[in-house]
Amino acid sequence: MGQCGITSSKTVLVFLNLIFWAAAGILCYVGAYVFITYDDYDHFFEDVYTLIPAVTIIAVGALLFIIGLIGCCATVRESYCGLTTFVVILLLVFMTEVAVVVLGYVYRARVEDEVNSSIKKVYDEYNGTNSNAQSRAIDYVQRQLQCCGIHNYSDWQYTHWYEESKNNSVPISCCKSNVGSCTGSFTHPEDLYQEGCEALIVKKLKEIMMYVIWTALTFAAIQMLGMLCACVVLCRSGRDPPYEPLITGGTYA
């Protein structure tokens with residue numbers, strides 16, 4: 001019965017180590033996705049705190065490659081030292097992922113305040129040229145999220161760009177994608193996106209943070225199972241007496 005348990009635990013543990021290798025790639029992908037998305041929305045933040053969970057989860061992903069290698073070798077050989085190292089590292093990674101979840105929830109709650117405090121400044125710095133970073137960011141967001149202005153398209157009337165251009169229109173990026181003749185004019189509001197960008201940016205960034213949180217939670221649960229199986233193998237290895245060769249012959253006085 002005990003041998004059956006140890007064999008099952010070893011099988012599950014080897015399988016989990018293969019999952020750890022796959023998880024490493026997924027974690028690195030999620031972290032990179034947050035970095036890429038942040039680059040598109042970074043002008044709407046005054047702080048880079050959203051990158052902390054992303055950096056941490058990429059580091060965890062890289063570490064999981066090493067953990068998978070150590071775990072497979074230690075499991076096959078039933079190495080007490082190797083399995084102990086495996087469990088300790090896995091515990092540290094587990095604690096790190098718990099920290100990522102906590103930070104994710106904390107920063108997710110701060111997203112709305114951060115966007116609210118910076119979005120008007122970004123819109124005020126819009127000048128409609130491709131060389132201006134704020135202009136590129138706003139045009140990208142308005143096209144991607146299909147929005148216009150902060151709360152709605154009428155917000156553009158209170159920006160410096162509108163006052164200087166004096167053309168009674170909004171940027172072309174506010175035009176609906178299915179309207180080919182749209183010029184951004186206020187005389188044809190039906191051609192413009194009606195929803196403001198502020199709420200959609202907050203929603204998008206909160207969704208991204210939830211991806212990080214759920215990814216960390218999922219693999220933290222898998223690592224708990226890995227630690228449990230490793231502990232079963234460790235306990236079995238600790239109870240087994242050391243191997244002693246059988247002496248079949250000898251010299252008698």
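This is a predicted model: local features need pLDDT of at least 70, side-chain atom pairs count only at pLDDT 80 or more; totals for chains, interfaces and linings use all residues.

Residues are numbered from 1 along each chain as its sequence is written, and side-chain values use heavy atoms, with hydrogens and water left out.

Start by selecting residues 80-124, helix α3 (helices are DSSP runs of H or I, at least four residues, numbered from the N terminus). With 45 residues at 1.5 Å each, α3 should span 66 Å (1.5 Å times one less than the number of residues). Its end C-alpha atoms are 63 Å apart, which agrees. Now click on arginine 110: α3 bends there by about 35 degrees (the angle between axes fitted to the seven residues ending there and the seven starting there).

Next, select Phe15, Leu18, Trp21, Leu63, Phe65, Ile66 and Leu69, which make up a nonpolar surface patch with about 660 Å² of accessible area together. Zoom in on phenylalanine 15 in helix α1. Is phenylalanine 15 buried or exposed? It's exposed, because its relative accessible area is 53% (exposed means over 50%, buried under 20%, partly exposed in between, with a 1.4 Å probe and protein chains only).

Last stop: glutamine 134, in helix α4 (residues 133-145). Glutamine 134 is buried, at 19% relative accessible area. Show its side chain and that of glutamate 125 to see a polar contact at 3.0 Å (a pair of N or O atoms within 3.5 Å; within protein, one must be able to donate a hydrogen and the other to accept it, and residues adjacent in sequence count only if both atoms are side-chain atoms).

Conventions: Helices (H or I, at least four residues) and strands (E, at least two) are DSSP runs, numbered from the N terminus. Patches are made of residues with over 30% relative accessible area and no salt bridge: like charges are joined within 9 Å, nonpolar side chains (Val, Leu, Ile, Met, Phe, Trp, Tyr) within 5 Å. Accessible areas come from the Shrake-Rupley method with a 1.4 Å probe; for residues, only the protein chains shown count as cover. A salt bridge is a side-chain nitrogen of Lys or Arg within 4 Å of a carboxyl oxygen of Asp or Glu.
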